[in-house]
Amino acid sequence: LKARLPGQRVSELPLGLTGDAQPRYEDARRSLGWAQEEKVLLYLSRIDRKKGLDILLRALTDVPLPADRLVIVGGGDPHYVAECRRIAAEFASTLPPIEWRGEVWGDARWPLLQGADLFCLPTHSENFGLAILESLQVGTPVLTTRFTPWPDLMQKRPGAFFCAPEVASVGTAARAFRGSEWTEAQRTDLAAWAHAEFNWNSLGRKYEALYRNLVSV
């Protein structure tokens, strides 16, 4: 925008936390009935072609996930949902077991985010990606694309696997996750960073400064 609008002021401010949820990995998994030894991948978003669920499903067919679980949370256009279910059925022998949970609202989403080992959103584009922040604030690493602001926001912090919204690239990122270890200490550190950077006590001052600057012109 700055390049296309020379001489114009362009300001960028992130969104902030939507709650005060913290890491609760073991408690969340017990409440959801997820075995401690399995790796749980979570897709939690609107099921829309833009969000790339079909890409994720195709990518995971080539990633060895023998004892894992893919949890899909959300709803959307029935035709696209049906397409994703057809892909899942076609490649059932090479995909991890899939749990289709439908739409989940409000605080019910937090145990899913807290108990997951990896939050997956291979989106074609996001102006922010609030669900990504919600995952980070409970210490759960994310797999998402470079077509979000998060590569810049995280500035190479551990806890993210970035890729292109393409089957091969998502598969590479998923394999990188499988080859990594994510400890409780890292969850705590990632959550602390997210709470420090995106709490409204600090962001509110930035928004106030922007609006004061606007009205003073």
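Predicted model: local features only at pLDDT ≥ 70, side-chain atom pairs only at ≥ 80, totals over all residues.
Residue numbers start at 1 in each chain, following the sequence as written. Local features require pLDDT of at least 70 and side-chain atom pairs pLDDT 80 or more, while totals for chains, interfaces and linings use all residues, and side-chain values rest on heavy atoms, without hydrogens and water.

**View 1. Helices H5 and H8 in contact.** H5 spans residues 130-137 and H8 residues 184-198; helices are DSSP runs (H or I, at least four residues) numbered from the N terminus. Their axes, lines fitted to C-alpha atoms over the stretch in contact, come within 7 Å and cross at roughly 125°, on a scale of 0 to 180 degrees between N-to-C directions. Leu 133, Leu 136 and Gln 137 of H5 meet Leu 190, Ala 191, Trp 193, Ala 194, His 195 and Phe 198 of H8, with contact meaning heavy atoms within 4.5 Å.

**View 2. Arg 86 in helix H3.** H3 covers residues 78-90. Arg 86 has 54% relative accessibility and therefore counts as exposed (over 50%, 1.4 Å probe, protein chains only). Between the C-alpha atoms of Arg 86 and Asp 54 the distance is 9.8 Å, at a sequence separation of 32 residues.

**View 3. Lining of the largest pocket.** Among the 18 lining residues, Leu 44, Ser 45, Arg 46, Val 104 and Trp 105 are the closest to the pocket centre. H5 gives the most to this lining, with 3 residues.

Terms used. Helix = DSSP H or I, 4+ residues; strand = E, 2+ residues; numbered from the N terminus. Buried < 20%, exposed > 50% of the residue type's maximum accessible area, 1.4 Å probe, protein only. 1 Å grid on protein atoms, 1.4 Å probe; cavity = no way out; pocket = protein on both sides within 12 Å on 5 of 7 lines; lining within 4 Å.
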